[in-house]
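Please consider the sequence and the model shown below. The paragraphs that follow lead through the strands, the helices and the ligand site.

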Amino acid sequence: MQLTGHHAFITGGSRGIGLACARALLAQGASVTIAGRDGASLAAAAAALAAQIDASRVATCVLDVTDEAAVHTAIAAAAQQLGPITILLNNAGQAQPAPFAKTSSRHWQQMLDVNLTGAFHCTQAVLPQMLEKGWGRIINIASTAGLKGYKYVSAYVAAKHGLVGLTKALALELATRNITVNAVCPGYTETDIVQDAVANIMQKTGRSEEQARAELAAGNPQQKLVQVEEVASAVAWLCQPASSAMTGQSIAVAGGEVM
Ligand code: NDP
């Protein structure tokens, strides 16, 4: 329970990697606000978390990370409810595929807005609270797509490389302020995003679901999809007080796909 007294704000906390991280941080004693656009799925996720753990440590917050004003309002309200935010998990993301030639400027902008600028807005809103507390952990869920290229997702790859760049620059700015900034970079992980990728492969190639999943897993030397708990474990470790020398890092959780 090393995170007792801390408040973690998790964007995209209603399902997938964000929800697994919420579970892991609650288990370490933190209070957690999960945020996303859909209030009903947030409420269902919060109820599931509260059933396992003390309900007074779980809150929800409806926001779209691309809406700067909404982000600032929501983060101020979350701090009112559960106390100053000392852990920020910029996890909300979308991965829409398109060959580069068919990537419209609207698609390009949307991938940058949600995967990169959303983290910028949330970090700007939370940082004053961390500076005042003199302690903070900012963790950006990037991707192996922030460390290497993949075809047919150029906008997503560019946004995630941007998020890794933001991580490094901000880590340097905050290095003497007791606030660490790191990126966690999952490979293909068993969530709705992978379900969508499987459906896309099936539709574009006529392959079966099993073949499509095998194709995604084949890039991982462990020959499997990453599990959300494996990502959450890395996140929880970075939040530990003893991880204070870890900053500016981009940690691949990908079975050795990137090394
Ligand atoms: P899911 O699709 O399962 O969950 C995405 C979460 O983000 C949901 O809670 C969703 O809620 C929220 N979200 C999406 N858009 C917005 C928005 N504009 N504002 C606020 N919340 C938003 O995805 P994963 O759990 O798979 O992905 C989480 C992160 O991990 C993403 O950043 C993704 O890029 C990254 N990642 C995922 C990998 C994978 O293979 N799954 C691999 C590498 C990285 P709602 O729709 O209600 O807003």
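F9 stands opposite T33 in β2. The two strands concerned are β1 (residues 7–11) and β2 (residues 31–36), which pair in the parallel sense over five bridges; strands are DSSP runs (E, at least two residues) and helices likewise (H or I, at least four residues), numbered from the N terminus, and two strands pair if DSSP finds at least two bridges between them. The model is predicted, with local features requiring pLDDT of at least 70 and side-chain atom pairs counted only at pLDDT 80 or more, while totals for chains, interfaces and linings use all residues. Residues are numbered from 1 along each chain as its sequence is written, and side-chain values use heavy atoms, with hydrogens and water left out.

This pair belongs to an open sheet of seven strands in the order β3-β2-β1-β4-β5-β6-β7, with parallel pairing. Because β3 (58–62) and β7 (250–253) stand at the edges with a single partner strand each, one side of each is left without a neighbour in the sheet. On average, neighbouring strands of this sheet are turned by 20 degrees against each other, direction ignored.

Helices also lie against these strands. Helix α3 (residues 68–82) lies across β1, β2 and β3 and runs at about 145 degrees to β1. Axes are lines fitted to C-alpha atoms, for helices over the stretch in contact, and angles run from 0 to 180 degrees between N-to-C directions. Helix α8 (residues 228–239) packs on the sheet, touching β4 (87–90), β5 (136–141), β6 (179–186) and β7; contact here means heavy atoms within 4.5 Å. The direction of α8 makes about 155 degrees with that of β5.

Which residues are closest to the ligand? They are S14, R37, N91, Y156 and T191, in a shell of 30 residues, where a residue is counted if one of its heavy atoms lies within 4 Å of the molecule. The shell divides into 12 nonpolar, 12 polar and six charged residues. Helices α1 (16–27), α5 (154–173) and α6 (192–205) each supply at least two of its residues, and α6 gives the most, with three.

For K160 the distance to a ligand oxygen atom is 3.0 Å, and for Q94 a ligand nitrogen atom lies at 3.0 Å. Taken alone the ligand exposes 880 Å², of which the protein buries 96%, by the Shrake-Rupley method with a 1.4 Å probe.

Methods: Polar contact = N/O pair within 3.5 Å; in protein donor to acceptor, adjacent residues only side chain to side chain. Nonpolar A, V, L, I, M, F, W, Y, C, P; charged D, E, K, R; others polar.
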